[in-house]
Structures are given as C-alpha cells and as structure tokens.
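Me: I have a model open and would like a close look at one part of it. Could you walk me through that part, and then link it to what surrounds it?

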Amino acid sequence: MLAVMLVATLLNVIAPTIQANAIDSIAKLDANALVTWLVVLGAVYLCSAVFTYFQNLFAAMLSQYTVRVMRKDLFARISRLPIKYMDTHKHGDILSRMTNDVENVSNSVSQSLGSLISGVIMLIGCFVMMLIHSWLMTIVSMVTIVLTLLVTKFLSKFMRKYFPLQQAKLGQLNGQIEEAVSGCKTVKAFTHEGKICEDFNQTSDELKTVGIKAQILGGVMGPCMNTIGNFGFLLIAVVGAVLASRPETDMFYISIGTIQAFITYSKQFTRPINEIANQYAQIQSALAGAERVFDVMDSEPEDQGGNEPFEIENVKGDLNFKDIDFSYVKGEQVLKHFDLWVKSGQKIAIVGATGSGKTTVVNLLTRFYDIDGGKIRYDGIPIPRIRKGDLRRSLGIVLQDTHLFTGTVMDNIRYGKLDATDEECVNAAKLANADSFINRLPHGYETVLTGDGGSLSQGQRQLLNIARAAISKAPVLIL
C-alpha cells in the first residue's frame with residue numbers, strides 16, 4: 001500500500017507543473033509543445049487513477065486484516081480473563097468494546113490511515129515543487145498553513161474531551177440493553193418495564209448530549225479549514241498577479257502558468273490538512289475506541305500457576321480446607337478460620353444461611369478466586385501448585401445458574417467432554433435422568449437450542465447441565 005501510495009502521490013505532485021508548462025505553451029503560441037504536454041498530462045492522470053484504485057484496495061484489505069487480528073486477540077484475552085474481572089464489569093460494556101469500538105478502529109484504518117500517509121508525502125512533494133518555482137510565493141502560501149495549525153490546535157483541545165466520553169456512554173447503554181434482555185422475566189415479574197425504560201432513556205439522553213457536542217466540534221473543523229484554504233487561494237492569486245505584471249527580467253517575475261501551478265499546489269498542500277481535519281472526529285472516535293480495547297488487552301490474564309505433576313486418572317478426591325480466610329472486598333470478610341475435610345468417596349452437603357459462603361467455598365476450590373489466608377489441599381497437594389486447567393478438569397461442576405449454548409442438545413452435553421461419542425452423550429443423559437424428556441423433543445438429541453435453552457423448563461436445563469458434568473467423568477462432582 002505504501003509503495004502504490006508513493007507513486008500515486010508523486011504523480012499528483014508533478015501534474016501541476018505539467019499544467020503550468022501547457023499554459024505557458026498557449027501564451028507562447030507553441031502548438032506542438034502544447035500537444036506534447038497535454039499527452040503527458042493525460043498519461044499522468046491515467047496512471048494516477050490506476051494507482052489510486054490499488055491504493056484504496058490495499059487500504060481496505062489492510063483495514064480488515066488489522067481488525068481481524070485485533071478481534072482475535074481481544075476475544076482470546078477476554079476468554080482468559082479471571083472471573084473477578086467478569087464479575088466487576090458489565091457484560092454489555094465488554095460486548096461494546098468487541099463490536100462498536102473495534103469497528104471504529106476499522107473505519108479509521110481504512111479511511112484515515114491512507115490520508116495520513118499520502119498527506120505527509122503530498123506535503124513534502126508540494127513544498128519542494130513550490131520552492132523550485134518561487135520561494136517568495138512559497139512563503140505567501142505558508143501563511144494559510146500557520147492559520148490551519150493554530151485553528152486545529154484550538155479546536156482539538158475541546159474535542160479530545162468528548163469522544164472518549166461518547167464511547168464510554170455507548171458502552172453503558174449496551175450494558176443496560178444486555179441486562180434488560182437477559183433479565184426480561186424478572187423485569188416483567190415485578191412490572192418494572194417503566195423503570196428500565198426510564199433508566200435507558202436517561203443514559204440515551206446523556207449519550208445524545210455528549211454525541212451532539214462531539215459531532216458539532218468535529219463538524220466545525222472542516223468549514224474552518226475550507227475558509228482558510230479559500231483565503232489562501234485569494235492571497236496567491238493577488239500576489240501572483242502583482243509578480244506576473246513585473247518585467248520578465250525581474251528576479252521576482254513569475255509566469256501565468258506558475259500562478260496556476262501555485263494555486264493547484266496550494267490546494268494540494270492544504271488538502272491533506274483539510275482531510276485530516278474533516279476526519280478528526282472519526283480519528284478521535286477511533287482513538288477512544290482503541291483505548292477501551294487496549295484497556296481490556298492490558299488487563300492481566302488469569303495466571304494458570306502450578307507445576308505439580310497431576311494426573312486426573314490418579315485423583316482420589318480428598319479435600320481439606322484449613323484455617324481459610326477470604327473476602328471479595330477488602331474489609332468485608334466472607335470466610336474466617338474456615339475448616340472442612342472431605343474424604344474420598346464421601347457425599348456431603350454444605351448447609352447455611354444466604355450469604356454465609358456456600359458458593360464461595362466452590363469458588364475457592366475451583367480457584368475462580370484465591371484465598372487470603374490458610375491452605376486448601378487436594379489429595380494432599382496445595383491447590384496453588386496444581387495448574388488451574390488440570391484442577392478444573394478433575395472437578396465436575398453443575399453451577400447454580402445453568403447456561404446452555406446455541407447448538408443441539410447433543411452438542412450441549414458434549415461440552416463436558418469435546419471428544420465424547422454420541423453413545424457416551426446418551427449414557428450421560430440417562431445417568432442424569434434427562435434421556436426421557438430429550439426423546440420427547442421435536443428432534444430428540446438433534447433439537448437445536450437457542451436463547452440459553454429458553455424453550456426448556458428450568459429443571460430440564462438443570463438436567464442437561466448435570467449430564468454435561470457426568471460425561472466429563474471427573475472424580476469429584478460439585479452441585
């Protein structure tokens with residue numbers, strides 16, 4: 001893309017000089033020279049069009065490849081973030097970073113990156129050509145550049161504040177939508193439709209206000225640059241006319257063709273700055289989106305830890321919690337000096353009041369969270385010395401909140417063991433007492449579930465989760 005862009009820009013840089021020579025040929029009544037210059041000019045414009053087409057093609061490819069890598073890396077990082085991160089961030093906001101923010105970066109790469117690079121090349125090329133024609137006229141042209149830089153600096157100071165805020169509000173809005181959709185039954189059960197609409201409209205109004213301010217400031221930049229550019233054309237035309245009226249022997253004399261070349265060069269010189277100014281709103285939006293994306297990318301992934309040799313086939317299932325202290329929030333202790341011994345082959349139930357820490361015990365055993373003090377031993381091995389992946393594969397878990405993925409019933413059972421055969425899935429369903437209701441579904445085990453299995457009852461969904469845990473054949477089962 002850079003190579004094609006360089007050739008296309010250089011062709012555009014030399015075109016005004018060829019125009020100037022053609023105009024001077026008319027002034028000298030030299031028809032042969034005029035025809036020659038016109039043929040050369042036509043060839044230059046044709047080649048420029050071809051190279052510009054390939055420039056746009058490569059820019060689009062670059063944009064999509066870049067964003068594909070960004071999406072892949074972002075999704076990989078999200079899938080490896082600790083549970084604590086997911087518990088402390090709105091899922092809708094995370095989704096917004098994956099979609100809206102990445103899309104803003106994509107648009108900026110495809111549209112603004114090419115303009116930035118070709119603009120730098122154009123600025124250098126036009127400046128050199130202007131100096132070759134007339135250093136005095138070059139100084140006159142620079143007046144508009146100084147004005148452009150001052151206006152850009154002044155406006156960008158205000159714009160920089162609103163675009164990150166706009167993206168943050170968009171993420172908050174997506175978070176509210178995700179909560180309203182996933183919790184629609186609860187909302188309707190308590191008849192709070194009006195309340196969630198009120199909250200949504202409030203956030204939407206805040207987004208509208210911030211968006212208007214951001215877009216107004218972004219929209220002002222373009223007209224300001226165009227006004228400065230038109231003032232520059234007028235200045236060049238007036239000063240050029242004065243110099244063209246001087247005798248040809250005068251050191252400051254310039255031809256009519258040179259005036260035309262300078263007007264064109266001045267336009268080409270300010271065009272990249274104007275384009276960047278016009279795209280400044282999009283660039284700021286992309287930068288704000290990129291910051292939100294890399295905020296996730298810079299978050300520490302879950303540390304797998306542990307290097308103790310651990311074979312699931314050899315696990316007995318002895319568990320020992322000794323003097324455990326733990327708090328989700330510093331200063332608000334959930335477990336204090338907690339002890340528990342579970343021997344291999346035992347079936348035990350942990351009973352207690354709501355908030356007493358029953359689920360917390362499971363979170364600590366699976367290392368979704370790490371303890372503040374004490375020791376948890378698994379077959380005599382402190383669990384920090386066991387890799388989290390090995391530890392969790394040895395635990396068959398049926399969570400309190402069931403979750404089913406979009407796919408067939410068979411696929412959802414097989415999620416507990418991805419290489420399981422159909423026969424193993426059926427046997428696991430029978431073990432969980434799910435086989436009878438599955439066979440009554442329209443397509444049996446091939447029935448496609450969507451919307452987290454919304455067409456099934458809560459009990460049926462729970463049975464599928466039990467079958468999923470059963471097929472893993474883990475030595476320890478946690479309900």
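How are helix 2 and helix 4 oriented to each other, roughly parallel or roughly antiparallel?

Reply: Happy to take a look with you, and please keep in mind that this is a predicted model.

Let's start with your pair. Two packed helices are described by the angle between their axes and the distance between the axes. Helix 2 covers residues 31-79 and helix 4 covers residues 91-133; they pack at an angle of about 160°, and their axes are 9 Å apart. An angle over 145 degrees counts as roughly antiparallel, and helix 2 and helix 4 are therefore roughly antiparallel to each other. The crossing of helix 2 past helix 4 is right-handed.

Now for the residues that make up this contact. On the helix 2 side, they include Ala-59, Leu-62, Val-67, Met-70, Leu-74, Phe-75 and Ile-78. From helix 4, the residues they meet include Ile-94, Met-98, Val-102, Val-105, Val-109 and Leu-113. Sorted by kind, the residues of the contact between helix 2 and helix 4 comprise 13 nonpolar, four polar and three charged. Among the residues listed for the contact are also Gln-64 and Arg-71 in helix 2, and Arg-97, Glu-103 and Ser-106 in helix 4.

In helix 2, pick Gln-55. Gln-55 is buried, with a relative accessible area of 12%. Setting aside residues up to four places away in sequence, Gln-55 touches Met-1, Val-4, Met-5 and Ala-8. In helix 4, pick Asp-101. Asp-101 is buried too, at a relative accessible area of 0%. Its contacts, leaving aside neighbours within four places in sequence, are Ser-96, Gln-167, Gly-289, Arg-292 and Val-293.

Val-181 is exposed, with a relative accessible area of 57%. Between the C-alpha atoms of Val-181 and Pro-223 there are 42 Å, and the two residues are 42 residues apart along the chain.

Four of them form an open sheet in the order 2-1-3-4, with antiparallel pairing. Strand 2 (335-342) and strand 4 (381-382) are at the edges with a single partner strand each, so one side of each has no neighbour in the sheet. Strands of a sheet pair through backbone hydrogen bonds, either parallel or antiparallel.

Follow the pairings across the sheet. Strand 1 is joined to strand 2 by five bridges, running antiparallel, and Leu-319 has Val-342 in strand 2 as its bridge partner. Five bridges also join strand 1 to strand 3, again antiparallel, with Asn-320 opposite Arg-377 in strand 3. Arg-377 also stands opposite Pro-382 in strand 4, where strand 3 (residues 373-378) and strand 4 pair in the antiparallel sense over two bridges.

Helix 10, residues 358-365, lies across strand 1 (319-326), strand 2 and strand 3, and runs at about 110° to strand 1.

To come back to your question: helix 2 and helix 4 are roughly antiparallel to each other, and the residues of their contact include 13 nonpolar ones.

Methods:
Residues are numbered from 1 along each chain as its sequence is written. This is a predicted model: local features need pLDDT of at least 70, side-chain atom pairs count only at pLDDT 80 or more; totals for chains, interfaces and linings use all residues. Side-chain values use heavy atoms; hydrogens and water are left out. Two strands pair if DSSP finds at least two bridges between them. Helices (H or I, at least four residues) and strands (E, at least two) are DSSP runs, numbered from the N terminus. Contact means heavy atoms within 4.5 Å. Axes are lines fitted to C-alpha atoms, for helices over the stretch in contact, and angles run from 0 to 180 degrees between N-to-C directions. Buried means under 20% relative accessible area, exposed over 50%, partly exposed in between (1.4 Å probe, protein chains only). Angles under 35 degrees count as roughly parallel, over 145 as roughly antiparallel, 65 to 115 as roughly perpendicular and the rest as oblique. A crossing is left-handed if the near helix is turned anticlockwise from the far one by less than a right angle, and right-handed if clockwise. Ala, Val, Leu, Ile, Met, Phe, Trp, Tyr, Cys and Pro count as nonpolar, Asp, Glu, Lys and Arg as charged, and the others, Gly among them, as polar.
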